[in-house]
Amino acid sequence: EGCHDYEISVLCKCGETTTQQTTSTIAPTTTGSQTSTTTGITTTTAQTTTTGMTTTPKVCVEGWTDWVSSHTPNLDDVMDGDYEYLNVLDYDTHFNLCGGDMSMVADIDCREINSQTPWTSTGQSDLICDTLTGF
């Protein structure tokens with residue numbers, strides 16, 4: 001039997017940095033931004049609209065993320081393992097973990113997808129689930 005399929009959830013501690021500016025190589029047709037200050041923390045939200053495309057900033061949301069899985073192992077291949085690397089998920093805008101800033105990851109939880117069994121209780125060995133690597 002091959003490796004189980006796992007998913008992760010991370011705890012984001014956003015601190016004072018609450019947005020990450022995104023850029024586009026297409027020349028914008030309209031640009032707008034809004035800045036507000038609340039309790040000494042300045043948050044800038046920007047949006048660039050281009051012909052047929054909208055780019056919005058990735059925002060760090062405080063707390064635990066939804067469970068995510070970006071890779072599914074071949075269950076029939078004992079050499080194929082599962083991985084959910086934070087440095088890969090960092091660039092995947094589909095997940096938007098901690099606004100794309102992995103330095104905001106304060107904790108991580110990993111579990112088997114189908115049974116939702118904690119990764120430490122699946123009976124599989126040599127697994128790593130940590131805030132430096134991911135899973």
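These questions and answers set the computed values of a predicted model against the definitions behind them.

The model is predicted: local features need pLDDT of at least 70, side-chain atom pairs count only at pLDDT 80 or more, and totals for chains, interfaces and linings use all residues. Residues are numbered from 1 along each chain as its sequence is written, and side-chain values use heavy atoms, with hydrogens and water left out.

Q: What makes up the secondary structure of the protein?
A: The protein has one helix and eight strands. Helices (H or I, at least four residues) and strands (E, at least two) are DSSP runs, numbered from the N terminus. Along the sequence the pattern reads β-β-β-β-β-β-β-α-β.

Q: Where in the protein is confidence lowest, and where highest?
A: The score is pLDDT, the predictor's confidence in each residue, from 0 to 100. E2 is lowest, at a mean of 44, and E8 is highest, at 95. The mean pLDDT of the protein is 75, with 66% of its residues at 70 or more.

Q: How many contacts beyond four places in sequence does the model have for residues 17–31?
A: A contact means heavy atoms within 4.5 Å. For residues 17–31, where pLDDT stays under 50, the model has 35 such contacts. Over residues 42–46 pLDDT also stays under 50, and the model has 19 contacts beyond four places in sequence.

Q: Why is the link of cysteine 12 and cysteine 98 called a disulfide?
A: A disulfide is a pair of cysteine sulfur atoms within 2.5 Å. The sulfur atoms of cysteine 12 and cysteine 98 are 2.0 Å apart, so the pair is a disulfide.

Q: What is the handedness of the disulfide of cysteine 12 and cysteine 98, and why?
A: The torsion about the S-S bond is about -90 degrees, so the disulfide is left-handed. Cysteine 12 lies in strand E1 (residues 6–12), and cysteine 98 in the loop between helix H1 (86–89) and strand E8 (105–112), so the pair ties together parts that are 86 residues apart in sequence.

Q: How do you know whether cysteine 12 and cysteine 98 are buried or exposed?
A: Buried means under 20% relative accessible area, exposed over 50%, and partly exposed in between (1.4 Å probe, protein chains only). Cysteine 12 has 1% relative accessibility, so cysteine 12 counts as buried. Cysteine 98 has 2%, so cysteine 98 is buried.

Q: What is known of the link between cysteine 14 and cysteine 60?
A: A disulfide joins cysteine 14 to cysteine 60, with 2.1 Å from S to S. The angle about the S-S bond is -80 degrees, and the link is left-handed. The pair links distant parts of the chain: cysteine 14 sits in the loop between E1 and strand E2 (19–20), cysteine 60 in the loop between strand E6 (58–59) and strand E7 (63–64), 46 residues apart. Both cysteine 14 and cysteine 60 are buried.

Q: What makes cysteine 110 and cysteine 129 a disulfide?
A: Their sulfur atoms are 2.0 Å apart, so they meet the disulfide rule. With 85 degrees about the S-S bond, the link of cysteine 110 and cysteine 129 is right-handed. Cysteine 110 is in strand E8 and cysteine 129 in the segment after E8, 19 residues apart. At 0% relative accessibility, cysteine 110 counts as buried. At 12%, so does cysteine 129.

Q: How many disulfides are there, and what pattern do they follow?
A: The count comes to three disulfides. With bonded cysteines counted along the chain, the pattern is 1-4, 2-3, 5-6.

Q: Why is the pair of arginine 111 and glutamate 7 called a salt bridge?
A: A salt bridge is a side-chain nitrogen of Lys or Arg within 4 Å of a carboxyl oxygen of Asp or Glu. The closest N and O atoms of arginine 111 and glutamate 7 are 2.7 Å apart, so the pair is a salt bridge. Arginine 111 is in strand E8 and glutamate 7 in strand E1, 104 residues apart. Arginine 111 is buried, and so is glutamate 7. The structure holds one salt bridge.

Q: Why is valine 88 called partly exposed?
A: Valine 88 has 46% relative accessibility, so valine 88 counts as partly exposed. Its place is in helix H1.
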